Amino acid sequence: MKDINDLREQFLNDKFKKYDQGKEKYTMIPQLALKQVAKVFTHGAEKYGEFNYSGKGDVLRYMDALQRHTNQYLTGEDIDESGVHYLACVAANALMALDGILNGSINDNRNKAYGKKHMAIVTGK
């Protein structure tokens with residue numbers, strides 16, 4: 001016969017059963033880094049307007065900014081003029097470019113000399 005603790009545990013397990021296998025685990029995203037990225041987006045919203053990155057822009061504009069921030073970090077700078085880490089700016093630019101690619105709102109102005117074969121690796125098309 002099961003004791004009261006076993007019955008309680010079975011009841012709680014059955015009552016709070018979750019079917020979340022295969023779902024995204026957002027808690028796996030490093031939270032301190034995510035907070036810095038959120039600060040980049042907050043500063044951008046205050047300076048340029050909310051969701052300004054959602055319009056039709058050029059992917060190379062984000063890549064240029066990403067490279068500039070990467071260069072600033074690699075040459076010894078850590079914090080940008082808004083007080084956030086340069087690598088958070090890198091991540092934010094990558095996220096904005098990826099968002100535009102995934103929702104089809106970005107102008108793909110990469111060098112076409114590399115051809116469709118190389119582009120397919122990145123876009124999956």
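What you're looking at is a predicted model, where local features need pLDDT of at least 70, side-chain atom pairs count only at pLDDT 80 or more, and totals for chains, interfaces and linings use all residues. Residues are numbered from 1 along each chain as its sequence is written, and side-chain values use heavy atoms, with hydrogens and water left out. The chain has 5 helices and 2 strands. Helices (H or I, at least four residues) and strands (E, at least two) are DSSP runs, numbered from the N terminus.

**Layout and confidence**

- The mean pLDDT of the chain is 88, pLDDT being the predictor's confidence in each residue, from 0 to 100.
- Of the chain's residues, 86% reach 70 or more.
- Confidence is highest in helix H3, at a mean of 98, and lowest in helix H5 (residues 115–123), at 66.
- Where pLDDT is low, the predicted coordinates should not be read in detail.
- Take the contacts between residues at least 6 apart in sequence: 64% of them join residues at least 24 apart. Contact here means heavy atoms within 4.5 Å.

**Inside the chain**

- Out of 125 residues, 19% count as buried. Buried means under 20% relative accessible area, exposed means over 50%, and partly exposed is in between (1.4 Å probe, protein chains only).
- The largest nonpolar core has 12 residues: Val37, Val40, Tyr53, Val59, Tyr62, Val84, Ala88, Cys89, Ala92, Met96, Ala97 and Ile106. Helices H2 (31–48), H3 (59–74) and H4 (86–103) are the elements that give two or more residues to this core, and H4 supplies the largest share, with 5 residues.
- What makes a nonpolar core? It is a set of buried Ala, Val, Leu, Ile, Met, Phe, Trp, Tyr and Cys residues joined through side-chain atoms within 4.5 Å.
- Alanine 92, one of the core residues, sits in helix H4 and counts as buried because its relative accessibility is 0%.
- Leaving out residues up to four places away in sequence, alanine 92 touches Val37, Val40 and Phe41.
- Skipping residues up to four places away in sequence, valine 84 touches Gln36, Lys39, Val40, Asp78, Ile79 and Cys89.
- Histidine 69 belongs to helix H3 and, at 17% relative accessibility, counts as buried. Setting aside neighbours within four places in sequence, histidine 69 is in contact with Tyr86, Cys89, Val90 and Asn93.

- The chain exposes about 10200 Å², and carbon and sulfur atoms supply 57% of that. Accessible areas come from the Shrake-Rupley method with a 1.4 Å probe; for residues, only the protein chains shown count as cover.
- Tyr26, Ile29 and Leu34 make a nonpolar surface patch of about 300 Å².
- Patches are made of residues with over 30% relative accessible area and no salt bridge, with like charges joined within 9 Å and nonpolar side chains (Val, Leu, Ile, Met, Phe, Trp, Tyr) within 5 Å.
- Leucine 34, part of that patch, is in helix H2. At 37% relative accessibility, leucine 34 counts as partly exposed.

- Asparagine 109 lies in the loop between strand E2 (106–107) and H5, and at 27% relative accessibility it counts as partly exposed.
- Where does asparagine 109 make contacts beyond its neighbours within four places in sequence? Its partners there are Asp58, Val59 and Leu60.
- Asparagine 109 and aspartate 58 are 51 residues apart in sequence, yet 6.1 Å apart in space, C-alpha to C-alpha.
- The structure holds 2 salt bridges, a salt bridge being a side-chain nitrogen of Lys or Arg within 4 Å of a carboxyl oxygen of Asp or Glu.
- Aspartate 108 pairs with arginine 110 in a salt bridge (2.7 Å, N to O). Aspartate 108 also forms a salt bridge with lysine 112, with the closest N and O atoms 3.7 Å apart. Through shared partners, Asp108, Arg110 and Lys112 join into one network.
- Arginine 110 counts as partly exposed at 21% relative accessibility, and aspartate 108 counts as partly exposed at 31%.
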